[in-house]
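Here is a short briefing to read alongside the structure. Please keep the viewer open and follow the topics one by one.

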Amino acid sequence: HAPRAAQAIRAELARVQAGDDAPGECECEIPPRVIRLLNLPVVTSSVRIGRLLVLRDVTEERLVDSMRQDLIRAMVHDLRNPLTAIYGALSFLNDTATEAFSEPQRELWEIALNNTNSLLRLVKSILEISQLETRQLPLEPTLIPLQKLTLTVLESLLPLAAGKNIRLESCLPDELPVAWADQELLKRVLQNLIGNAIKFTPEDGRVWVTARLAEGERPCIRV
């Protein structure tokens, strides 16, 4: 009735029989229930005397998780559609009607356009997080020169670093091979890591990105 559950339990049994005494856990779907198995060693006076198996019914928890994911996806789509329409209208008017604006009006217009674009990116990020949690996010891997990507990210964060007089440096070796990954997701990871580094670095500090293939110092490219 549940071949995947049987396979998981057999694998856990084989692991223990092979001498691996570490705790183990797995989650098995045994329709209509979802069971979480925790496999713990039992030790008395440093002598292993057996195993303790804890089975917990997590069906309701997984159902709530599924409902939460469905709600997030529905809310994201409901938000994205009107925001896309607003951004499209603002972009169209930006190319046709803003010439008659005064300078203060143009500044307000650009703020509205940029904020709408930021909201669209935020909505997209929420959707991608939901897809990541369910392992449904489509990836678009490509060959990425890491030095170029790193410099691009550092340059985009220059205004944030300038406010604290922080130096940003790329210390990646020239012989670093290209990466095979989703460029937008990797770029976001770098932005988050470097942004956090800037946030928690004292004023007049230094933030650098490096990768090590071998021992020795590497020249830095200052931006």
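This is a predicted model: local features need pLDDT of at least 70, side-chain atom pairs count only at pLDDT 80 or more; totals for chains, interfaces and linings use all residues.

**The three-stranded sheet**

- Strands β1, β2 and β3 form an open, antiparallel sheet, in the order β1-β2-β3.
- The edges are β1 (24–30) and β3 (47–57), each of which pairs on one side only.
- On average, neighbouring strands of this sheet are turned by 20 degrees against each other, with direction ignored.
- Strand β2, which covers residues 33–44, is joined to β3 by 10 bridges, and the two run antiparallel.
- As a place to look in the viewer, take Ile 35, whose bridge partner in β3 is Asp 57.

- Helix α1 (residues 3–17) lies across β1, β2 and β3, and runs at about 160 degrees to β1.
- Helix α2 (residues 59–96) also packs on the sheet, where it touches β1, β2 and β3.
- The direction of α2 makes about 130 degrees with that of β2.

**Salt bridges**

- The count of salt bridges comes to 13.
- Glu 27 returns here: its side chain meets that of Arg 36 in a salt bridge, at 2.7 Å from N to O. Arg 36 is partly exposed, with a relative accessible area of 26%.
- Asp 65 and Arg 62 form another salt bridge, at 3.3 Å from N to O. The two are about one helical turn apart, because they are three residues from each other in helix α2.
- Both ends of that pair are partly exposed: Asp 65 has a relative accessible area of 30%, and Arg 62 one of 28%.
- A network of salt bridges links Glu 25, Glu 27, Arg 36, Arg 56, Glu 61, Arg 62 and Asp 65.
- Elsewhere, Glu 169 and Arg 206 meet in a salt bridge at 2.7 Å, N to O. This pair links distant parts of the chain, with Glu 169 in strand β5 and Arg 206 in strand β7, 37 residues apart.
- Glu 169 counts as buried, at 4% relative accessibility, whereas Arg 206 counts as partly exposed, at 31%.

**A nonpolar surface patch**

- Leu 38, Leu 52 and Val 54 form a nonpolar patch on the surface, and together they have about 210 Å² of accessible area.
- Leu 38 sits in strand β2. Its relative accessible area is 31%, so Leu 38 is partly exposed.

**Backbone points to check**

- For context, most peptide bonds are trans, and most residues other than glycine have a negative phi.
- Pro 31 and Pro 32 are joined by a cis peptide bond, with omega about 5 degrees. Pro 32 has its place in the loop between β1 and β2.
- Asn 165 has a positive phi, near 55 degrees. This residue is found in the loop between α5 (158–162) and β5 (167–171), and Asn 165 is exposed, with a relative accessible area of 52%.
- Asp 204 has a positive phi as well, near 65 degrees. Asp 204 lies in the loop between α6 (183–200) and β7 (206–210), and is exposed, with a relative accessible area of 52%.

Terms used: Residues are numbered from 1 along each chain as its sequence is written. Side-chain values use heavy atoms; hydrogens and water are left out. Two strands pair if DSSP finds at least two bridges between them. Helices (H or I, at least four residues) and strands (E, at least two) are DSSP runs, numbered from the N terminus. Axes are lines fitted to C-alpha atoms, for helices over the stretch in contact, and angles run from 0 to 180 degrees between N-to-C directions. Contact means heavy atoms within 4.5 Å. Patches are made of residues with over 30% relative accessible area and no salt bridge: like charges are joined within 9 Å, nonpolar side chains (Val, Leu, Ile, Met, Phe, Trp, Tyr) within 5 Å. Accessible areas come from the Shrake-Rupley method with a 1.4 Å probe; for residues, only the protein chains shown count as cover. A salt bridge is a side-chain nitrogen of Lys or Arg within 4 Å of a carboxyl oxygen of Asp or Glu. Buried means under 20% relative accessible area, exposed over 50%, partly exposed in between (1.4 Å probe, protein chains only).
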